[in-house]
Amino acid sequence: MSESKKLPLKVVPPLERDFYRPHVGGGAKKVFTPVDAEFRGMLSAQVIEVRDHFVTAFKEFPTVPAVARAKVRPDAIAKSHRPVAVLSEKTCPIIGAEGLGELLLSVTPQGLENLARRIESDRTQEGIANLSTLRSFEAYRPSVEIPKDEIAKVKLFRHNNPNFDAAVDESFFHVLRRFGIREPREIRYGRGLKIYRLELKQPDLIQVLSGYVGTQSVGPFPVYQPVRSTAVTVRSAVPDDFPVPEPGLDYPLIGVVDSGTATGDPYLSPWRHAREVYVPEADQDNSHGSFVSGLIIHARKLNHDDGRFPSCSARIVDVVALAKNGTTEDKLLSTLEDAVEKYPEVKVWNLSLGTERAVDNKTFSDLGVALDRLQDEHDVTFILAAGNYREKPYRGWPPDDLGEKDRICAPADSVRAIVVGSAAHRDHSSSRVKAGNPSPFSRRGPGPLYLPKPELSHIGGNCNSAGSCNQIGVLSIDGRGNLAEDFGTSYATPLVSTLFANVSHRVVGGASHLLSRALLVHSAALQGQKLDSTLLKYQGFGMPPDLPVVLGCEPWQCTLIFELEIAPSVAYEKADFPMPKCLCVEEDTIKANVLMTLVHEPDLDASFGSEYCRSNIEVSLGTYDTGEDGKQHQQKQIPEDPKLTGSAYEKDLVEHGFKWSPVKVYRREMSRVRGETWRLALSAEHRSGQATVEPQRAALIITVSDPLKKAPVYDEMVVQMNNLGWTANDLQVRTRLRP
C-alpha cells in the first residue's frame, strides 16, 4: 500500500475516568532461613569486622561515614523483602546497590554498634524476616587504576544525606590541600555522581586518595574515538550521487558529534546547517564523520536505491568533537554540553563513538549517566552505536562464545538514548555471516542489570574473516570526493537517526521523544517474528522499516497510541478493550496477533548503582471475566517478547521479564483465546525507599491484526472505540513538508 493509502494510526487520549487508585495489599514478611543464635552470631561478627577495618579511617575523619557491602539471598532481592527495618537510619542505611543482591550501606561507628546489637537482639516478626534475607557484610574497597598521564578521575561516594555528603567533600578538600591543591575541578555528570578532575603533581596522592574513606574510585578518564575508518574507495563521486537539498523542502535537523566533515566539502556543505569545531585542524581526520553524515542525508541513494535503507533525509549540525587519536571523556562531555546549548533547535544527536571497555554488569557508566542528564535537561535524544568487536576472524552466526569480549561499550548503556546494532544486508561465499544475520562485528547486550541494549538494529554491512567488506559493505562518501565502502555499527546508527528525526518531523506538531522511540521500536518488532533471547542481545527488537510503514496502518490491522502520565499510587485502565468481532472464530473466542510496545522514562539516580532506574511501569492486556467470587479478574494474555522464562523471582523478572527496563515489547499469536471482555491496565512502581511525587511519562502502542491479513480489523475497531466513547483521533502526519 502506498504512503497516501496507508490508514492513520489512532491516538487514544487519556480521560479522567481511566485513572484509579488500586488497592495495595500486605501480609506477613517471609522468613527465608532460620534466624538462630549461630546465624545471628555470624552476621554480628561480620559487622564488627567492618568496624575494625575502618577504625583508623573513623579516627582520621570522624565526621565521614564509610561504606560497607551487604549481600542478600538470590530469592530475597525483591523490594518487598528489602531489610529496611534492620538496615535503617538508626543503624546502617542502604545508599546504593552493585548488581542484584549486593547492597551498599552508609556506616558509622555508632551505626555499626547499633546494627550488631540489633542483629543479636531483634525478636520481632519483621526483624527476623529482615535478617533472614541477609548473607554477609564486608567493608567496601575502592576501585583504583593508576592513570597513565597526570590526570585522574576521582569519584566520591554519595550517602543521600546532605550532612554526610558535605563531610565527604570537605574532608576530601582537606586531603588535597595537604598536596597543595586548592580548587579541584568538579565535572558535572548527573544525579548521584560526584566526580573531580585532578592533576597528579605528586605520585603519593593516588595512594592517599585510595585510602580515603569517601573515595569510590580513582582512575583515568576514558578515551572515546570514532571507529577508525577502513573505507575502500569505489570511485570518484559525481553530483548525481549526492543531490543538493530540494528547494523549499523542510528537512529535520540532526546533530552529528563525530570527527567532523571538511569545511569546503562540495557534497556535504549544502546540507550543513552549522559547523562547530572543538578539535584543531591538525588533529582532525574527517573521513568517519563524512561517511556518517552522508548516510544521514542520502542512505538509500548511495546504496543502489536498496529499499531496506531509509528514503528520508535530514540536514546536519556538524560537531567536530573527536580527534583522530581520540578525545578524553571530560573534554567530550564539555563539547556535548556546549553543542546542545548552542543548538536548542536540534533534538536528535548522532553519536557513533565508543571505547573498547565493555559495560559493567553492576553499575552504569559515568558518561552514560551524563548523557541521560543532558537528554533530560535539553529535551533531546542521543542515538548511539553499540560499538564494534574487532578481533579477527570476527564472530559467526549462530554466535561463537566470546565471553564478554563482544559486549557493548560505554556510553551504550545510556538509559535515555537509543542504541543501534548492525545487521548484514548482503553476503557472499566467504562472508562471515549470511544476509539478515547480526553483523560479525556488532557488539551485543545486555546493558547493566540486563537492560535491553541495543534496542534497534540497522544495516551496517558484512565482512569476511580478514575484515574485507568488498561488495557486502555500506556505501557513502569519504570526505575526499569519493564514494567508498566500509562496515561498522557507526554506519547503522545514522540510519536510525534519520528515521527518528523524520518520524518526529512528520507528525503534525512534532512527536514527543517517547512516542518517536516507541514508534520505531514497535514498527521494528512488527516487521519481525517472535524474538529469542539471543537475537535480542544482538539486534534489539529489530530493524525499523521506512517512514511510511512506521506511520501507517493496513486495513487488516489497527494500531492504537496511548501517551499518558501515571502519578504515584495511581493506575490506568481501559476496562472494555475493543477486540474486533471479525477475528472471532466462535462467540467470545479470538484468533488474532497482538503486539504491544511500552516506552517510559524512569526516575534516575546514579548513587544507587545498578538500581539506577528508580521506577517501573508494567502493562497488561487480557481477558476480564467474572470469577467464582463474583468479581471480575484480569488474566494477562499478551506475554513479554521474548517470553519470560524461569521463576517469578525478582532475578528472573529483571533478566527475562524487562522489569525496571524503560523499553518493553509484548507479543502473542493467539489461535483460540476465550474471553467475553478484554481490559488494558498500566501501573507504576518505585524502588524501595524511593520518594517521588513526579508522574511517570509513558507511550504505549498496541497493534491488533488478522493473521490471515484479510479481516476488516481497522474499521471494526474504529467503530467499537467510537461506541465506547474513547474519542480516538487520527495521528496527523504531513506528507510534503513545505515551510
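Contact here means that heavy atoms lie within 4.5 Å, while helices (H or I, at least four residues) and strands (E, at least two) are DSSP runs numbered from the N terminus. Axes are lines fitted to C-alpha atoms, for helices over the stretch in contact, and angles run from 0 to 180 degrees between N-to-C directions. The model is predicted, with local features requiring pLDDT of at least 70 and side-chain atom pairs counting only at pLDDT 80 or more, whereas totals for chains, interfaces and linings use all residues. Residues are numbered from 1 along each chain as its sequence is written, and side-chain values use heavy atoms, with hydrogens and water left out.

An open sheet of seven strands has the order E16-E17-E15-E19-E20-E21-E22 with parallel pairing, where two strands pair if DSSP finds at least two bridges between them. Strand E16 (272–277) and strand E22 (456–459) are the edge strands, each with a single partner strand, so one side of each has no neighbour in the sheet. From one strand to the next, the twist averages 25 degrees. Strand E21 (residues 418–423) is joined to E22 by four bridges, and Ser 422 has His 458 in E22 as its bridge partner.

A second sheet, also open, contains five strands in the order E8-E12-E9-E11-E10, and its pairing is mixed. Within it, strand E9 (residues 151–156) and strand E11 (residues 194–199) pair in the antiparallel sense over six bridges, and Lys 155 has Ile 195 in E11 as its bridge partner.

| Helix | Angle to strand |
|---|---|
| H8 (residues 329–342) | about 155 degrees to E19 |
| H9 (residues 366–378) | about 150 degrees to E20 |
| H5 (residues 162–178) | about 5 degrees to E11 |
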